Amino acid sequence: MKCEESLPLVEQYFDGELDAREAARVEAHLAACAACARAHARLETERALFLAYECDAAPASNFWDDVLAKTGSTKPGAAIPAATAPPRARLRARLGAALAQFAAPRLSPALTAALIFVAIGATIALMKFGGSDESARLSRGIMSAGDRVAQRAPFPDTSNEDAAAQPASAGDADAAHETAPSPERDARATKRREMKEDKSAREIARAGGALNVRERKKVNLVATAGGDELRAARRMTGADLPAESAADRLVREAELKYMAAIRLLTHDVSRRRSRLTPDERARFEQTLAAVDHAIADTRRAARERPRDPVAVQYMLTAYAKKVEVLSEMSRH
Amino acid sequence: MMERLAIELLAGPGREPCADAKGSMETPVELIARARRGDGEAFRLIFERYTRPIISFIFYMVGRRELAEELAQETFLRAFKGMDALRDDARLSTWLFGIARNVARESLRARGTEPPASVNMDDPAVTQARDAAPTPAGHLFGKELGAAVGAALLALDEDKRLVFTLKFYQQRNYEEIAAITGFSRAKVRNDLCRARAEMRRRLKPYLGGDNEM
């Protein structure tokens, strides 16, 4: 290597920015060339000189207090201050921020389509036909379509799912059952529904790609073992509940369908949990905790404003998010 | 993104997230999630470590200590507001220094295109040079030297000063400088070479000997 080739590279060599091959060539040249070696040595002298100009960068003691005071009234992603926005805008901002953080990837197309169908059906019914005669017709149509994509499951609650995911009116189930006018007819209808729901839950799992053949067989065994809680909750969606509009029933059905899917996936995830790395487990647990908070918030909002389709939609979206996260966990 | 930011937190110089969280068992992932949700304390725990580097960086860009601290506060405020927009693959320090660069640049342009003619030798932030001779003459020389270096730095154009500051005062490599500035690696290399040449020329009396390259 000659000086005219080496000199332009000496600074980069000094900065440690040459690749290994070129650095070796320059180093060999510096060892043999006094002039270039002096140039290299001067770079060190210059650096020491430049660093003579030091800055006392210690901040004032109240630096961060001032920073936080300035951030106190603004929050990332929040366009509307909480105190001044109309109720729906506040709800939208709060719930949108809560749901926006989840990073779980998309569901399989089949499961996504199924859950979206349920959510849209419930919301449309609430917006357009709440309490009217047409609502019965529409809800029958939507529910039969919902059966086709298979949204119900009778699985027992084997997970540690928090109470926030429970429907608020689950306690009404027993009372509703006791008022059934025809026990035999009711039992046959319940049996038919349960058989459909068994099938539905397996279809949900297949659509989400959560179960292989052996696992599906196991899930079938779990399904036949019964699910008192779910069945009791399911009873309240039937025509036995007096003075409940079809729209309300449809929303409750949608909620139960999500819960059923969540129970199924939670059961599967609980068995696969040991396969996750600690980091993955921590990430998922954190995401699930946030989802459960969102479910609790959105359910509360939907209960306070049962005729608000936005509140209902957010609630169903929160459920869908949980399904999404659990599906991702089960695929790991 | 959470994993990348958590790794940055854990890899930082001697700061354990759990210790930063004042004895709580909060993980970096939880801390970051809280900060993105608008939790000011979580934001502080994550970003406090960058306070001095950011103040230092801005100081070398604008030449005034008090202004540097104000602009550093503005930097963190913008970072707080912009956390939601932080890309998943972004490095936290690169992103933060990018904000600081913009803040410093805006301040310089607001104050006019001409840099200060000289550095105030009485500015307490202009510390004396490290000098083996603790004599009054040495002390004065150190102050004068620091002021001379400061003046030479402020005489560089904005791009060269930016690259030079990141290289010498933030110890960044070319790739990091390119990421922070948005310059190409070739521009970083060329601007650094030219900045060195200018500094060498302005500080020739202090370098002494044969310092031509």
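Mentor: Gln171(B) is found in the loop between α9 and α10 (174-181) of chain B. Helices (H or I, at least four residues) and strands (E, at least two) are DSSP runs, numbered from the N terminus. This is a predicted model, in which local features need pLDDT of at least 70 and side-chain atom pairs count only at pLDDT 80 or more, while totals for chains, interfaces and linings use all residues. Residues are numbered from 1 along each chain as its sequence is written, chains are lettered from A and ligands numbered from 1 in the order in which they are written, and side-chain values use heavy atoms, with hydrogens and water left out.

Trainee: Why is Gln171(B) called exposed?

Mentor: Buried means under 20% relative accessible area, exposed over 50%, and partly exposed in between (1.4 Å probe, protein chains only). Gln171(B) has a relative accessible area of 58%, so it counts as exposed. Gln171(B) also has a positive phi of about 55°, although it is not a glycine.

Trainee: What makes Lys81(B) partly exposed?

Mentor: Its relative accessibility is 47%, which falls in the in-between range, so Lys81(B) counts as partly exposed. Lys81(B) belongs to helix α6 (residues 65-81) of chain B. From Lys81(B) to Gly38(B) the separation is 43 residues in sequence and 8.4 Å in space, C-alpha to C-alpha.

Trainee: Where does Gly38(B) lie relative to α3(B)?

Mentor: Gly38(B) follows α3(B) and has a positive phi, near 100°.

Trainee: Why is helix α3 (residues 28-36) of chain B described as largely enclosed?

Mentor: Seven of its nine residues are buried, so the rest of the structure largely encloses this helix. Among the buried residues of α3(B) are Pro28(B), Leu31(B) and Arg36(B).

Trainee: What makes the pair of Phe50(A) and Phe168(B) edge-to-face?

Mentor: Rings of Phe, Tyr and Trp (its six-membered ring) pair if their centres lie within 6.5 Å; planes under 30 degrees apart count as stacked, over 60 as edge-to-face and the rest as tilted. By this rule there are 17 aromatic pairs over all chains. Phe50(A) and Phe168(B) are 5.1 Å apart, centre to centre, with 80° between the planes, which makes the pair edge-to-face.

Trainee: How do you know that this pair joins two chains?

Mentor: Phe50(A) lies in helix α3 (residues 34-50) of chain A and Phe168(B) in helix α9 (residues 158-169) of chain B, so two chains are joined by the pair. Both Phe50(A) and Phe168(B) are buried.

Trainee: Why is the pair of Tyr60(B) and Tyr169(B) called stacked instead?

Mentor: Tyr60(B) and Tyr169(B) have 10° between their planes and 3.7 Å from centre to centre, so the pair counts as stacked. Tyr60(B) is in helix α5 (residues 51-62) of chain B and Tyr169(B) in helix α9 of chain B, so the pair ties together parts that are 109 residues apart in sequence. Tyr60(B) has a relative accessible area of 5%, so it is buried. Tyr169(B), at 9%, is buried for that reason too.

Trainee: How do you know that the span of α5(B) agrees with expectation?

Mentor: The expected span of a helix is 1.5 Å times one less than its number of residues. For the twelve residues of α5(B) this gives 16 Å, and its end C-alpha atoms are 16 Å apart, so the two agree. Ten of the twelve residues of α5(B) are buried. Just after α5(B), Gly63(B) has a positive phi of about 80°.

Trainee: What makes the charged end of Arg172(B) count as sitting over the ring of Phe97(B)?

Mentor: The rule asks for NZ of Lys or CZ of Arg within 6 Å of the ring centre and within 35 degrees of the ring normal. The charged end of Arg172(B) is 4.6 Å from the centre of the Phe97(B) ring and sits over it. Likewise, the charged end of Lys187(B) sits over the ring of Phe183(B), 4.8 Å from its centre.

Trainee: Why are α1(A) and α11(B) called roughly perpendicular?

Mentor: Axes are lines fitted to C-alpha atoms, for helices over the stretch in contact, and angles run from 0 to 180 degrees between N-to-C directions. Angles under 35 degrees count as roughly parallel, over 145 as roughly antiparallel, 65 to 115 as roughly perpendicular and the rest as oblique. The axes of helix α1 (residues 3-15) of chain A and helix α11 (residues 185-202) of chain B come within 11 Å and cross at roughly 100°. The two helices are therefore roughly perpendicular to each other. Contact means heavy atoms within 4.5 Å, and the residues making it include Phe14(A) of α1(A) and Leu192(B) of α11(B).
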